[in-house]
Amino acid sequence: ADYQFFYEVKASLTRAQLRSLAQGGVTHVQPGIESLSSHVLRLMDKGVRAAQNVNLLRWARYYAIDVAWSILWGFPGETADDYAGQAAAVPDLVHLQPPEGSGRIRLERFSPLHAEPERFGVRRREPERSYRYVYPERVDLDRVAYFFDYAVEGARPDGDYDPLRRALAGWADAWGSEPRPALTYRATPGFLQVYDARHPGRGGTYTFEGPLAEIYLACADRPVTASAVRDRVGRPAGFVEEALAEFQRRGLLFRDETLAVALAIPATAWR
């Protein structure tokens, strides 16, 4: 039967799991991606890393699965660098599906901010103002409200998010253009070509041979550590780290603290 399915999933899905979903008729997923900063994801208690989020976007693009996701900010404990880092990474990600929206978090019932206000520095919480226009005065809004107005200690000014806002707007524009941005690779043993068509007028093909090809491909299936790459390719730690840094400098690799994941996806479909 020609069914099409939508699933809510975790962003930690592997390439093989996404392939199985696609083969089973899943065309849309909502993986709960809400940041590309591991520090912010830890503040959210998400249980995933930024590199896993990026990797899901890669393989969802490869298997033609539409991804519903967003970028949120306003979490107690975040820093300006958390958002400057995301803004700097966005130009390398424009070949992947952009977020549907972005903005400051809402305080919702059953969320960690609602359940543990002291932990997150919530110093004011009251039912969202709109409820007053809907319910009569005898109703205890604290018991029926789902959305709340709030204030937290140490909240960052809105201006800290402006660079990311601008970067996300550019990402959406790039995704809406024709042809869409692309970053793909073709590989044979000891040989790798990466075709970069993410930015008009700046396209080209990178060719890597021998250990450089092996190092990049070691990061292509899922996020890995530099030590795991070293063990796989049998090269000195300094050589591996220098190669990863150069791939990142060229915008071909996403670095997330100890993890690295290749950004290109296979040029040959459905492997």
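Trainee: In this predicted model, how many bridges join strand 7 to strand 8?

Mentor: Strand 8 covers residues 147–152 and runs antiparallel to strand 7. Within this pairing, Val 122 stands opposite Val 152 of strand 8. The number of bridges that join strand 7 to strand 8 is five.

Trainee: Which strands are the edge strands of the open sheet?

Mentor: The sheet is made of three strands with antiparallel pairing, and their order is 6-8-7. An edge strand pairs on one side only, and this holds for residues 107–108 and for residues 122–127.

Trainee: Which residue is the bridge partner of Tyr 185 in strand 15?

Mentor: Strand 9 (residues 182–188) is joined antiparallel to strand 10 (residues 191–197) by seven bridges, and there Tyr 185 stands opposite Val 194. Strand 9 and strand 10 form a hairpin with two residues between them, and Gly 190 in the turn has a positive phi of about 75°. Strand 9 is also joined by two bridges to strand 15 (residues 265–266), with which it runs parallel. In strand 15, the bridge partner of Tyr 185 is Pro 266.

Trainee: Is Asp 81 buried or exposed?

Mentor: Asp 81 lies in helix 4, which spans residues 80–89, and its C-alpha is 9.6 Å from that of Ser 37, 44 residues apart in sequence. Because exposed means over 50% relative accessible area and Asp 81 has 63% relative accessibility, Asp 81 counts as exposed.

How values were computed
Residues numbered from 1 in each chain as written. Predicted model: local features only at pLDDT ≥ 70, side-chain atom pairs only at ≥ 80, totals over all residues. Heavy atoms only, no water. Pairing = 2+ DSSP bridges. Helix = DSSP H or I, 4+ residues; strand = E, 2+ residues; numbered from the N terminus. Buried < 20%, exposed > 50% of the residue type's maximum accessible area, 1.4 Å probe, protein only.
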